[in-house]
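Q: Can we go through this model together? I'd like to start with the pockets and then move on to the strands.

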Amino acid sequence: MTERWVWGTGLATTAEDGTVLDTWFPSPALGRVPSSDTTDAAHDLKALSGVDARRAVTISVVTIEIDLDAAPASTSDAYLRLHALSHRLAQPNTLNLDGIFAHLANVAWTNAGPMHPDALTAQRPHLLRAGIQVQSLDKFPRLLDYVVPPGVRIADASRARLGAYLSPGTTVMHAGFVNFNAGTLGQSMVEGRISQGVVVGDGSDIGGGASIMGTLSGGGAHKVSIGARTLLGANAGVGISLGDDCVVEAGLYVTAGTKILLADQPSLPDGNKPAVKGAELSGRNGLLFRRNSLSGAVEAVQRAGVGVTLNEALHA
C-alpha cells in the first residue's frame, strides 16, 4: 500500500564528527520514490549543499523513502516522519515513532541553522562576529524553520515544534504550545499546551495556561483527545479525553482518578449524589466539569446544545 509510504528529497546537515543534525524536506510526498528520474529535485537543492565553516557542518542532498508502519531507522528517516506530520500527510498517532529520540541528536539551533553543541563552544567567537545567535539547545527544531502550514497563525515561532499537525484555521497564540505528533484536526484556538500525542477537534478552544496531559514524561498510556466545539478553560487541565461540546471550567484539572459527583443525577439512598472516577467519563459528549464553590467537590453535569463558538475573525 503506497499510501503508507512517504518519500522526499532534502538537505541533511552533518557535523564534523559524523553526527547527522537534521534533514529538511521541502516537498515530501506520499508513496515510494518515483521510478522516474528525481534528479530535478536534487539539482534544485544542490546549490544549497556544501560546507558551512561557521557552523562546522556539511550539507548534502539525500533522497529517502520510509514505511510509516516501521520504526525510524535513521536521523533523516525520523525527520521525514516529522515533516509528514507537519505537511499533513499523516495525522498524529497514525505513524510509527518508536525509538525516535535515539535518532535525534541534541542540537544547538541557531539563526543560521543547526550545529553540534561541542562546535558551538569552539566556534563562539566566529559566530558572534557573524551575528549568529543560539535560539535553543534541543532535539526538536521549531516548526516554522522547516514547514509553513497553509492557513495557520503562530504568534511565537518557538511555541510549535516540527512534527506538529496544524489544520487550516488554527491559531496558536503567544502562550500556546504544540508538541510533535500532536495538533488540531480543524479550526481551533490554542492558548494553552497541547502535549505529544494529543489531538484537538474542530472548533475547540484550549484556554490560556491550560494543559493537556501527555505520555512522554511519567504519564499514563492513554492518549488524550479533545472533541469538537469543546472548551478547556483558562488554567484548566485534563488527563482524560473530552468528547464533543464539553466545557472544563477555568482552573479545574480533571484526571483519570479524580472523584467526580454526577450532580444532575438522582441522589442515592443515603442522600449523596453518585460519584465516579474521571476515567469513566472519558470521551463522553456534552459534559460540563466544574468545582462546587461551596463544597469544593468536582462535579459533572450534562450540557444542553452545542459547545463553544470561535471568533471567526481570529481564524481567517
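A: Terms first: on a 1 Å grid over the protein atoms alone, a pocket is an open set of points with protein on both sides within 12 Å along at least five of seven lines, a cavity is a set where a 1.4 Å probe fits but cannot get out, and lining residues have an atom within 4 Å of a point. This is a predicted model, in which local features need pLDDT of at least 70, side-chain atom pairs count only at pLDDT 80 or more, and totals for chains, interfaces and linings use all residues. Residues are numbered from 1 along each chain as its sequence is written, and side-chain values use heavy atoms, with hydrogens and water left out.

Q: Which residues lie nearest the centre of the second largest pocket?
A: Leu-97, Asp-98, Asn-181, Gln-196 and Lys-223, out of 12 lining residues. The volume of that pocket is about 160 Å³, where a volume is the space filled by probe spheres set on the points, and points are joined across faces, edges and corners.

Q: And what is the volume of the largest pocket?
A: About 510 Å³. Its lining has 25 residues, and Trp-109, Thr-110, Pro-141, Asp-145 and Tyr-146 are the closest to the centre.

Q: How do the residues of that lining divide?
A: Into 12 nonpolar, seven polar and six charged for the largest pocket. Here Ala, Val, Leu, Ile, Met, Phe, Trp, Tyr, Cys and Pro count as nonpolar, Asp, Glu, Lys and Arg as charged, and the others, Gly among them, as polar. For the second largest pocket the division is six nonpolar, four polar and two charged.

Q: Which strand gives the most to the lining of the largest pocket?
A: β8, with three residues. Strands (E, at least two residues) and helices (H or I, at least four) are DSSP runs numbered from the N terminus. β1 (5–15), β2 (20–24), β6 (107–110) and β7 (113–115) are also among those that supply at least two residues each.

Q: How do β1 and β2 pair?
A: In the antiparallel sense, over four bridges; two strands pair if DSSP finds at least two bridges between them. Thr-14 stands opposite Val-20. Four residues lie between the strands of this hairpin, where Gly-18 has a positive phi near 95°.

Q: Switching to helices, where does α3 bend?
A: Helix α3 (residues 117–130) bends by about 70° at Gln-123, with Pro-125 following within four residues. The bend is the angle between axes fitted to the seven residues ending there and the seven starting there.

Q: Which residues of α3 are buried?
A: Ala-119, Leu-120, Gln-123 and Leu-127. Buried means under 20% relative accessible area, exposed over 50%, and partly exposed in between, with a 1.4 Å probe and protein chains only. The buried residues pack against β6, β7 and β8, contact being heavy atoms within 4.5 Å.

Q: Back to Asn-181: buried or exposed?
A: Asn-181 counts as buried because its relative accessibility is 4%. Its phi is positive, about 55°, although it is not a glycine. Asn-181 is in the loop between β12 (177–178) and β13 (182–184).

Q: And Asn-235, buried or exposed?
A: Asn-235 is exposed, with a relative accessible area of 54%. Phi is positive there too, near 60°.

Q: Last one: what order do the strands of the open sheet take?
A: The 10 strands run β9-β11-β14-β17-β20-β22-β26-β27-β24-β25, with mixed pairing. β9 (153–154) and β25 (275–277) are the edge strands, each pairing on one side only.
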